[in-house]
Amino acid sequence: MTKKNYEETELYRIRHSSAHVMAQTVMEMFPGEAKLAIGPPIADGFYYDFDLPRSLTPEDLELIESRMREIIDGDFKFETRVVSAEEAREIFEGQPYKLELIEGLEGGGVDEYGEPTEAAPEITVYTHDTFIDLCRGPHLERTGQINPAALKLLNVAGAYWRGDEKRPMLQRIYGTAWKTNEELEHHLWKLEEAKKRDHRVLGRELDLFSISEDVGPGLILWHPKGAMVRKLAEDFSREEHEKAGYDFVYTPHIGKAQLWETSGHLDWFADAMYPPLEIEQQKYYLKPMNCPFHIQIYKSKTRSYRDLPVRYAEWGTVYRYERSGTLHGLLRVRGLTQDDAHLFCRPDQMPEEIDRTLEFSLHILRSFGFDQIHAYLATRDPEKAAGDPAQWEAPTQALQDSLERSGLPYQIEEAEATFYGPKIDLKVKDALDREWQLSTIQFDFFLPERFGLAYVGKDGQEHQPYMIHRALMGAMERFFGTLIEHHAGAFPVWLAPVQVILIPIADRHVEYAQGVADQLREAGLRIELDDRSERMNAKIRDAQLQKVPYMLVMGDREIEVGQVSVRLRSEENLGAMSIEGFLERAKTDIEEKK
């Protein structure tokens with residue numbers, strides 16, 4: 001759902017109104033001391049930022065929630081009116097954050113949250129009971145329309161004013177509100193389940209990755225088990241790329257400043273780039289993207305129309321300076337490896353290339369268990385688009401036509417394209433219905449022109465090729481984090497770093513288990529032998545905690561008949577089977593990517 005569509009829903013009004021009721025309560029709790037910032041609805045709830053004389057406690061949230069229910073019971077009417085900037089300043093005298101927002105509203109170009117907007121909006125305020133706020137709405141008609149049984153305050157977090165680390169740190173109260181108690185309970189269950197699936201927690205428990213302060217924030221250390229999952233994912237994807245006609249390339253981690261000036265990164269992306277290195281009186285930058293290097297490979301020789309399309313793929317590690325406050329495990333990092341591809345084609349080849357790229361992206365995502373995929377088509381923004389509007393028509397239509405042919409659900413995001421061309425974003429839903437941005441298919445008018453790309457056509461003249469950027473998994477770090485949370489760490493058998501744990505019941509069974517281990521290893525399975533002097537149930541429990549797909553238990557009875565007793569991490573006991581029978585089952589699960 002787009003932001004615009006969300007603002008038209010009843011849930012948006014419920015949450016917006018709840019944010020105002022919460023703000024009234026906090027103002028009452030700290031009379032004359034609380035300073036209001038902003039309080040918008042968000043995807044599954046709302047928040048409000050406050051500057052307060054002391055830190056809030058969990059007990060404060062209980063008191064705030066209780067008082068909110070009293071205000072809701074009061075059934076106060078939400079009333080709005082338009083005010084002048086001068087009147088607004090009088091209303092919010094002593095509220096520095098509101099006064100700053102009023103100044104922005106008066107100057108135009110921003111809304112009451114300080115966000116950019118197209119036109120200078122009217123300045124409006126909303127009042128209910130004793131509370132008044134700078135707000136454009138929409139709200140419910142009355143506080144009594146908020147269901148008190150479907151309301152919950154969740155937590156308090158720190159937030160810089162306007163997201164600027166140099167501005168004051170505020171206290172942000174998060175809450176959620178729904179139409180019914182059943183909806184609230186389901187949402188709270190999902191929040192608890194999300195905590196269990198947190199990739200940072202599972203990454204530590206399953207020994208997959210870590211981040212060391214000695215190395216630096218946002219830089220990932222892949223442990224053997226995490227690296228194995230990454231290797232398996234990359235190996236599969238590389239094989240599929242080769243089948244799809246891609247050529248692999250490798251490029252450096254740094255490039256001269258002139259390269260990034262030509263590409264425009266130093267004009268538009270400099271804040272996200274690391275400072276330059278000085279080498280032999282030349283400035284070099286760690287690469288934030290791979291595309292300029294792939295362009296140089298394309299330019300290394302004269303290209304004929306017969307040579308196109310050209311498809312370059314690289315797992316290229318790039319570096320971006322993300323602010324410390326935005327870093328988040330694997331999902332927001334400073335060093336990331338993109339499964340990048342750049343395609344160069346003739347205009348007549350462009351529709352087929354987009355079809356191929358979209359179909360290929362869907363195939364890869366579905367192979368990793370992502371079956372719910374939604375596409376978003378970002379179209380030209382007249383205010384910042386490069387090139388002539390006519391240039392945008394054919395590629396935008398080709399992207400939309402490709403989506404239509406794919407049968408994929410999609411929506412158009414008007415004027416949301418980057419300045420250099422339209423794009424398709426593919427977002428997947430995980431097991432908790434959360435949406436994750438992964439793949440992008442991005443058309444580019446800009447770089448071919450900046451770098452003077454050309455091919456020789458049938459007419460013997462030079463023509464400019466079309467260029468398509470494609471990141472399929474996006475970044476391996478983010479993709480891995482998404483995989484962990486989607487599967488709750490219980491990777492499909494083909495991706496599991498350890499597929500089988502062999503559990504001899506007693507020391508006298510270890511020799512037999514070692515022989516089984518040799519057979520399974522020779523068959524290509526990734527195995528571990530748990531020969532600790534622990535009880536069988538403890539070994540089984542440890543294997544389940546490590547999310548290992550199969551546990552093979554071996555005791556006197558299994559040795560006598562030359563079998564193994566098979567258990568699954570789901571706690572299902574499949575009973576005894578021959579080693580050959582187990583291998584057949586395991587290989588089928590791996591081949592079918594179960």
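Predicted model: local features only at pLDDT ≥ 70, side-chain atom pairs only at ≥ 80, totals over all residues.
Residues are numbered from 1 along each chain as its sequence is written, and side-chain values use heavy atoms, with hydrogens and water left out.

**Exercise 1. Helix α5**

Work out which side of α5 is buried, and what covers the buried residues.

Solution. Start with the length. Helices (H or I, at least four residues) and strands (E, at least two) are DSSP runs, numbered from the N terminus. The expected span of a helix is 1.5 Å times one less than its number of residues. The twelve residues of α5 (96-107) should therefore span 16 Å, and the 17 Å between its end C-alpha atoms agrees with this.

Next, sort the residues by burial: buried means under 20% relative accessible area, exposed over 50%, and partly exposed in between (1.4 Å probe, protein chains only). Y97, K98, L101, I102 and L105 are the buried residues of α5. They cover an arc of only 140° around the axis, so they sit on the same side of α5; the arc is that of the directions from the helix axis to the C-beta atoms. On the other side of α5, E103 and G107 are exposed.

Now look at the cover. It includes β1 (35-36), β3 (45-51), α4 (85-91), β6 (131-134) and β8 (169-177).

**Exercise 2. The largest cavity**

Find the residues that line the largest cavity.

Solution. First the rule: on a 1 Å grid over the protein atoms alone, a cavity is a set of points where a 1.4 Å probe fits but cannot get out, while a pocket is an open set with protein on both sides within 12 Å along at least five of seven lines; lining residues have an atom within 4 Å of a point. Grid points are joined across faces, edges and corners, and a volume is the space filled by probe spheres set on the points.

The count comes to one cavity of 30 Å³ or more, and the largest cavity holds about 40 Å³ of space. Its lining consists of H16, H20, A37, I38, G39, Y48, K98, E112, Y113, D133 and L134. Two or more of these residues come from each of α2 (10-29) and β6.

**Exercise 3. The second largest pocket**

Describe the second largest pocket by volume and lining.

Solution. Its volume is about 1000 Å³. Of the 37 lining residues, M289, R320, Q338, Y420 and T440 lie nearest its centre. Among the elements that each supply at least two lining residues are β16 (335-345), β20 (435-444) and α15 (476-487). By class, the lining has 15 nonpolar (Ala, Val, Leu, Ile, Met, Phe, Trp, Tyr, Cys and Pro), ten charged (Asp, Glu, Lys and Arg) and twelve polar residues (the others, Gly among them).

**Exercise 4. Helix α11 and V553**

Is V553 buried or exposed, and which residues of α11 are buried?

Solution. V553 lies in strand β26 (550-554) and, at 3% relative accessibility, counts as buried. Beyond its neighbours within four places in sequence, V553 is in contact (heavy atoms within 4.5 Å) with I503, I505, M536, I540, E558, V564, S565 and R567.

In α11 (291-298), the buried residues are C291, P292, F293, H294, I295 and Y298. That makes six of eight, so α11 is largely enclosed by the rest of the structure.
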